[in-house]
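Trainee: Please take me through the surroundings of the ligand in this model, one part at a time. I have not seen this structure before.

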Amino acid sequence: MWPAGNGHFCETVLSYSKLVSELEQMVKKMVFESYDAEKYYDSHIQSTTYLLRLIKYRGPQKNETCIGTSCHTDKSFITILHQNEVCGLEIQTKDGEWICFKPSPSSYVVMAGDALLAWSNGRIHSPKHRVIMNGNKARYSIGLFAYHRGIIEIPEELADEEHPLQFKPFNHYGLLHFYFTNKAGQTESTAKAYCGV
Ligand SMILES: O=C(O)CCC(=O)C(=O)O
Ligand SMILES: [Fe+2]
């Protein structure tokens, strides 16, 4: 998992990712329960996979643009972000307004990804976000990205006459693969283009 000779760091990262994945599962449970879909929770958890990314953004040099990560939505089910004190993460609300996240050591950002947007039949918004760097201090962030092995079905509890089914069952890794093709790059919503009804 990590180059030899840094066992302590490796163990720390692993125990961190275990703790944050517990947080992810707690959030997921609350989401499933709030939609009366808790009967799908256990099987969903059994198919959950995680990716942990440790990211360093350095401050822009002279004549460099300030972008750290360009505007995107996550392709995960849920993402949990944690970072040092350097600002930079901006998130777009449903109304199109950009808000800057003000970090604190004890705060985590829980972000819905495109797979959760589809699972929730469009009820849960997967927000656009970006990182814009200013100043000269480096920004460090850790992202835990939860994915799903296999097919995600939209619970029947989330579709009715008022909320017609918007998404077909989809393979989450298939959605990721689709995103990395040119076809997905040209669409506003990867989920709609990949598995929209
Ligand atoms: O560094 C951050 O806070 C956000 C990173 C991000 O949006 C991503 O990796 O998808
Ligand atoms: Fe992201």
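**Around ligand 1**

Mentor: The shell around ligand 1 consists of R53, I55, Y57, H72, D74, L81, H129, V131, R139, S141 and F145. Bear in mind that the model is predicted. Sorted by class, five residues of this shell are nonpolar, three are polar and three are charged.

For R53, a polar side-chain atom is 2.8 Å from an oxygen atom of ligand 1. In the side chain of H129, an N or O atom lies 3.0 Å from an oxygen atom of ligand 1. D74 has a polar side-chain atom 3.2 Å from an oxygen atom of ligand 1. On its own, ligand 1 has 290 Å² of accessible area, and the protein covers 95% of this.

A separate point concerns the cysteines. The structure has zero disulfides. A disulfide is a covalent bond that joins the sulfur atoms of two cysteines. For C87, the closest cysteine sulfur belongs to C100 and is 7.4 Å away, so the two are too far apart for a bond; the cut-off for a disulfide is 2.5 Å. C87 is classed as partly exposed because its relative accessibility is 41%.

How values were computed: Residues numbered from 1 in each chain as written. Chains lettered and ligands numbered in written order. Predicted model: local features only at pLDDT ≥ 70, side-chain atom pairs only at ≥ 80, totals over all residues. Heavy atoms only, no water. Buried < 20%, exposed > 50% of the residue type's maximum accessible area, 1.4 Å probe, protein only. Near = heavy atom within 4 Å. Polar contact = N/O pair within 3.5 Å; in protein donor to acceptor, adjacent residues only side chain to side chain. Areas by Shrake-Rupley, 256 points an atom, 1.4 Å probe, with all protein chains shown as cover. Nonpolar A, V, L, I, M, F, W, Y, C, P; charged D, E, K, R; others polar.
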